[in-house]
Amino acid sequence: MSSVLHPPNSGKDPFIAATYRPVSSHLAIAPPVSVVIPAMNEAENLPYVFKTLPDWIHEVVLVDGNSTDDTVEVARGLWPKVKVVEQRGKGKGDALITGFEACTGDIIVMVDADGSADGQEIVSYVSALVSGADFAKGSRFANGGGTDDMTFIRKLGNRVLCAVVNRKFGARYTDLCYGYNAFWRHCLDKIDLDCTGFEVETLMNIRVVKAGLKVQEIPSHEYLRIHGTSNLRAVRDGLRVLRVILRERSNRRALRRMAQHSPMLNTGQGEAP
């Protein structure tokens with residue numbers, strides 16, 4: 001892929017001006033960026049979310065989870081070109097998969113609709129991707145990151161689960177259960193998402209490692225939800241994440257056993273000299 005950092009156009013070359021999107025006074029990018037926002041009854045929070053989104057992004061894909069408030073109308077008022085996709089299934093994983101399918105950008109960014117993520121951080125994620133990473137993973141515990149919305153129990157559970165994933169899959173994560181991530185769209189072909197719930201974030205983090213993709217953590221600050229209450233439940237969701245980890249570990253062992261017993265590996269046996 002030839003996406004590279006490039007200085008902004010001075011107005012002399014209309015082709016460059018049309019190809020590259022200004023990010024700042026000294027930086028521009030070529031690949032179009034899609035932002036996916038799964039939302040259900042988040043009308044009060046969307047003004048804060050959209051206010052932080054950079055104007056250079058290619059598109060915003062709002063996945064509406066059958067909202068009963070004015071979520072869709074508010075989104076269209078804030079971002080007239082927003083692409084609204086109706087979610088037919090249930091769960092955050094299903095919403096994200098639906099949104100990913102609707103994206104047309106080369107880079108996809110996942111942003112929550114509760115106001116906990118700062119859209120101004122997107123430039124850091126995109127910079128990591130155009131500099132060579134396949135997957136830019138947000139971390140609240142990397143140097144420079146932070147969180148205003150984590151209880152001691154959730155923090156402890158995240159640390160334990162993160163340690164398990166690092167040990168079992170050879171990852172080097174500092175944060176596991178965080179949904180602010182960005183990646184090249186072609187990565188979807190290698191991680192084959194099949195999870196409909198909140199644990200989809202953990203599944204993505206595991207499968208990018210299993211696929212041998214280059215991951216770079218991005219320090220990120222998680223803010224408090226602005227309006228409404230979260231659907232997260234520490235024990236329930238922690239157990240769901242653990243089941244995903246165990247399932248992926250079992251699948252990895254099964255594939256290894258299949259490879260060991262595959263006749264394709266015995267190319268040096270039984271052959272004539």
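User: Why is Glu248 called buried?

Analyst: In this predicted model, Glu248 has a relative accessible area of 1%.

User: What makes the contact between Glu248 and Arg207 a salt bridge?

Analyst: The closest N and O atoms of Glu248 and Arg207 are 2.8 Å apart. The cut-off is 4 Å between a side-chain nitrogen of Lys or Arg and a carboxyl oxygen of Asp or Glu; the pair therefore qualifies. It links distant parts of the chain, with Glu248 in helix 9 (residues 234–260) and Arg207 in helix 8 (residues 200–210), 41 residues apart.

User: Why is Arg207 counted as buried, and why is Arg247 called partly exposed?

Analyst: Arg207 has 12% relative accessibility, which is under the 20% limit, so Arg207 is buried. Arg247 has a relative accessible area of 34%; this value lies between 20% and 50%, and Arg247 is therefore partly exposed. Arg247 also forms a salt bridge with Glu248, with the closest N and O atoms 3.5 Å apart. Salt bridges that share partners join Asp194, Arg207, Lys210, Arg247 and Glu248 into one network.

User: What makes Glu222 and Arg140 buried?

Analyst: Glu222 has a relative accessible area of 8%, and Arg140 has 3% relative accessibility. Each value is under 20%, so both residues are classed as buried.

How values were computed: Residues numbered from 1 in each chain as written. Predicted model: local features only at pLDDT ≥ 70, side-chain atom pairs only at ≥ 80, totals over all residues. Heavy atoms only, no water. Buried < 20%, exposed > 50% of the residue type's maximum accessible area, 1.4 Å probe, protein only. Helix = DSSP H or I, 4+ residues; strand = E, 2+ residues; numbered from the N terminus.
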